[in-house]
Amino acid sequence: MIYDLLIKGGTLVDPAQKVHAAKDVAFAHGVVAAVGDDLSGADAHEVLDAGGCLVTPGMIDLHVHVFYGVSHFGVEPDPTCLARGATTVVDAGSAGADTFPGFRKFVIEVSATRILAQLNISSQGMLTREIGEFEIPEYADVSKACQMIEQHRDIILGVKVRLTRNSIVSERSGMLPLHRAREAADAAGLPIMVHPQSAWCDSLDDILKVMRGGDILTHCFHGAACGIMDEQGRIRRSVREAMDRGVVFDVGHGAGSFHWGVVEGAMAQGVQPQTISSDLHVYNLHGPVYDLATVVTKFLHLGMPLDEAMAKVTSVPAQVIGMEGKIGTLAVGAWGDAVVFELRDGAFRLADAHGVVRIGKQKLVPVTVVRGGRVYRQGREN
Ligand SMILES: [Zn+2]
């Protein structure tokens, strides 16, 4: 058999298969065709030497904003996600029921990045800075959301709600959007994804009360009101209970939602995020997020083992969205998405969302990206 692509000489890190070893990976017809200790004798149209590098499944970013040209948060997905190793992304509520068909037709269907979505319970989605998505409570429209989900079930994974009490989210709708999101998600049989910073409630307890196994709490390490810790810096009991019942705690770094003190305090108390996501958007693309690999790099600095950190951007998010076996792994038969990384040593400035800098000793840099069994981008960008 002649493979389309052979990646040889690298160290395969594939947590779904519990593999961390020197392995060659071959692709044919868009999928992983072979994984072996030495495939160098095989015929392939293209051979990539990954000597000295890590080879991983394409990363999955559960929180990005890629409704470019319509949502004020939107970045173009291919240069910012796919080219940097996030082969599958989930847009977290940039579009609502009134704007989703355009998001699908003009962004999702024409991008090389595989894009799935959480539908905002606000029918307008995240359109402008001037009018908050819940400026009027009527934007939180359950029946419109349900109709849109039925038309796009193949790519809508759940219902997103943001609860911040400010002018770009909600000055007057209170906690109503949370309950509307729950209602729409329940009617559709899907989970909710919640952004909780500075919400209209006393504490995160009030939000977690509404959340069940399979729901996603994003921005879990933010430093604002409604965080995962109490006044003494202890992890709230409601957080441990929510984790026990299967609520997914997701990083969603963003421009205001990753606080070194909170994440260090949480990890010291044994609390880890289940998934690592970027919340990549216009206001953090040029720092402090840059890309998903940089967020993973921050967890390496925090002492998380590489294989565990990689699992949180590959096998675990694949499970969360019900696509395990297809994406998030390089097992034979999986879709052919892969990343070749350099793990560089040095001294790297890692800023949180508040400008506090830690110096990391390692940095994960994507050098080659494979999508559907073909090289999408090759070469060192930075
Ligand atoms: Zn977001």
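**View 1. The end of helix α7 and the residue that follows.** Just after helix α7, Gly270 adopts a positive phi of about 80°, in what is a predicted model, where local features need pLDDT of at least 70, side-chain atom pairs count only at pLDDT 80 or more, and totals for chains, interfaces and linings use all residues. Residues are numbered from 1 along each chain as its sequence is written, and side-chain values use heavy atoms, with hydrogens and water left out. Helix α7 covers residues 260-268, and its buried residues are Trp260, Val262, Val263, Gly265, Ala266 and Met267 (buried means under 20% relative accessible area, exposed over 50% and partly exposed in between, with a 1.4 Å probe and protein chains only). These buried residues pack against α8, β15 and β16, where contact means heavy atoms within 4.5 Å; helices (H or I, at least four residues) and strands (E, at least two) are DSSP runs numbered from the N terminus.

View 2. Six strands, in the order β3-β2-β7-β15-β16-β17, form an open sheet with mixed pairing, two strands being paired if DSSP finds at least two bridges between them. At the edges are β3 (19-22) and β17 (374-378), each of which pairs on one side only, and the twist averages 35° from one strand to the next. Within the sheet, β15 (residues 338-351) and β16 (residues 357-371) pair in the antiparallel sense over 12 bridges, and Phe348 stands opposite Gly360 in β16. Helix α8 (residues 292-301) lies across β15 and β16 and runs at about 140° to β16; axes are lines fitted to C-alpha atoms, for helices over the stretch in contact, and angles run from 0 to 180 degrees between N-to-C directions.

**View 3. The packing of helices α3 and α4.** Helix α3 (residues 142-151) packs with helix α4 (residues 176-188) at an angle of about 35°, their axes being 9 Å apart. The contact involves Val142, Ala145, Cys146 and Ile149 of α3, together with Arg180, Glu183, Ala184, Ala187 and Ala188 of α4. By class, this contact has seven nonpolar, no polar and two charged residues, with Ala, Val, Leu, Ile, Met, Phe, Trp, Tyr, Cys and Pro counted as nonpolar, Asp, Glu, Lys and Arg as charged, and the others, Gly among them, as polar.

**View 4. The zinc site.** The zinc ion is coordinated by His63 (NE2), His65 (NE2) and Asp279 (OD), at 2.1 to 2.3 Å. Donors are N, O and S atoms within 2.8 Å of the metal (3.2 Å for Na, K and Ca), and water is not among the atoms, so sites may look incomplete. Along the chain the donors follow the spacing H-x1-H-x213-D, and both His63 and His65 are buried.
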